[in-house]
Amino acid sequence: MASVANPPNHQVVTSSEHFQSLLSADLQRISLISFWAPWAEPCKQMNEVVLELARKYPEVLVLKVEAEEQSDVAESFDIQAVPSFVILRGHTLLGRISGADVPALTDAIATHARPLPSVKPLSHTNLAPAAALADTQEDVNKRLRALMNNDRVVLFMKGVPDAPRCGFSRRIVALLREQGVPFSSFDILTDESVRAGLKVLNNWPTFPQLIVNGEFVGGLDIVQEMVENGELKEMLTVA
């Protein structure tokens, strides 16, 4: 019965890895992320609204996230209260709605889910297209790569090691210090282009992100697992 009631584009997120895999499957797709809690009465009404939106717009990926159970996902989007809604295209933020605001949510989905109008060229040319956008993206990626190679171990986090601005950044800093790992850091809250760019470049939507030898390693959960099984120590001892 539940499989009939819930359309295939309506998914309940079960872990940060599950969230990442769903979100990254199609970076051109519009996604509606619904943050809720079972104890919050307004969420019950909004859950029904979200389900109806999923049925009405099958091209939209609807991800239902229980905020306290999936706190890493909620914190990565700075969710302060439920219900809250985030609308993305791939990893690009299109809009945020806080509270049980049905008109605002339905209007936002209707706006962003509407197909882009086709554009007819006003003129034709035999010249090659300008490469300005590609060059700009290339410049951004060069800067990100330079930051990732700024030190052997680089932590992209919220805040700085002595004053982290989220619980996950605080925990990974403590973990690295417990392991005696020297590292430099970058506060992604100070530069939105770095924050947005790393999500795309590393195909990972949350922070903190740990970089070793210029390569993305993972977030808190992955780093913790690598510490426990000895992989992090082994990686760092390789010349």
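**Talking through a predicted fold**

Colleague: What makes Asn-203 count as partly exposed?

Modeller: Its relative accessible area is 36%. Buried would need a value under 20% and exposed one over 50%, so a value in between is called partly exposed. Bear in mind that this is a predicted model. Asn-203 sits in the loop between α8 and β10, and its phi is positive, about 55°, even though the residue is not a glycine.

Colleague: And how do you know which class Asn-213 belongs to, buried, partly exposed or exposed?

Modeller: Its relative accessibility is 45%. Asn-213 is placed in the loop between β10 and β11 (215–218). Here too there is a non-glycine residue with a positive phi, about 55°.

Colleague: Staying around there, why is Val-217 called buried?

Modeller: Val-217 has a relative accessible area of 15%, and anything under 20% counts as buried, so the label is buried. Val-217 belongs to strand β11.

Colleague: What does Val-217 touch?

Modeller: Leaving out residues up to four places away in sequence, Val-217 touches Leu-210, Val-212, Ile-222, Met-226 and Met-235.

Colleague: Is Leu-105 buried or exposed, and how do you know?

Modeller: The relative accessible area of Leu-105 is 0%. The cut-off is under 20%, so Leu-105 is buried. Leu-105 is part of helix α5. With residues up to four places away in sequence set aside, Leu-105 touches Leu-32, Met-46, Val-49, Val-50, Leu-53, Phe-85 and Ile-97. Take Leu-32 from that list: in sequence it is 73 residues from Leu-105, yet the C-alpha to C-alpha distance is 9.6 Å.

Colleague: Helix α5 has a partner, α3. Why are α3 and α5 called roughly parallel?

Modeller: The axes of α3 (residues 41–56) and α5 (residues 102–113) cross at roughly 20° and come within 11 Å. Angles under 35 degrees count as roughly parallel, and therefore α3 and α5 get that description. As for handedness, α3 passes α5 in a right-handed crossing. On the α3 side the contact is made by Gln-45, Met-46, Val-49, Val-50 and Leu-53, and on the α5 side by Val-102, Leu-105, Thr-106 and Ile-109.

Colleague: How do the residues of that contact of α3 with α5 divide?

Modeller: There are 7 nonpolar, 2 polar and no charged residues.

Colleague: What makes α7 roughly parallel to α9?

Modeller: The crossing angle between α7 (residues 167–178) and α9 (residues 220–229) is roughly 20°, and the axes come within 10 Å. The limit is 35 degrees, so α7 is roughly parallel to α9. The crossing of α7 with α9 is left-handed. From α7, Phe-168, Arg-171, Ile-172 and Leu-175 make the contact, with Leu-220, Val-223, Gln-224 and Val-227 from α9.

Colleague: How many residues in the contact of α7 with α9 are charged, and what are the rest?

Modeller: That contact has 1 charged residue, along with 6 nonpolar and 1 polar. Arg counts as charged, and Arg-171 is among the α7 residues in the contact.

Colleague: Which residues of helix α2 (residues 16–24) are buried?

Modeller: Ser-16, Phe-19, Gln-20, Leu-22, Leu-23 and Ser-24. Their cover includes strands β1 (10–12), β2 (30–36), β3 (61–66) and β4 (84–89), plus helices α4 (71–76) and α9.

Colleague: Where are the cis peptide bonds you flagged, and what is omega for Val-82 and Pro-83?

Modeller: Omega is about 0° for the cis bond joining Val-82 and Pro-83. Pro-83 lies in the loop between α4 and β4. Another cis bond joins Phe-207 and Pro-208, with omega about 10°. Pro-208 is in the loop between α8 (192–201) and β10 (209–212).

Colleague: And for the chain overall, what does the secondary structure come to?

Modeller: There are 10 helices and 11 strands. Of the 239 residues, 44% count as buried. Among contacts with a separation of 6 or more, 69% are between residues 24 or more positions apart. The accessible surface is about 13,300 Å², with 55% of that belonging to carbon and sulfur atoms.

How values were computed: Residues are numbered from 1 along each chain as its sequence is written. This is a predicted model: local features need pLDDT of at least 70, side-chain atom pairs count only at pLDDT 80 or more; totals for chains, interfaces and linings use all residues. Side-chain values use heavy atoms; hydrogens and water are left out. Helices (H or I, at least four residues) and strands (E, at least two) are DSSP runs, numbered from the N terminus. Buried means under 20% relative accessible area, exposed over 50%, partly exposed in between (1.4 Å probe, protein chains only). Contact means heavy atoms within 4.5 Å. Accessible areas come from the Shrake-Rupley method with a 1.4 Å probe; for residues, only the protein chains shown count as cover. Axes are lines fitted to C-alpha atoms, for helices over the stretch in contact, and angles run from 0 to 180 degrees between N-to-C directions. Angles under 35 degrees count as roughly parallel, over 145 as roughly antiparallel, 65 to 115 as roughly perpendicular and the rest as oblique. A crossing is left-handed if the near helix is turned anticlockwise from the far one by less than a right angle, and right-handed if clockwise.
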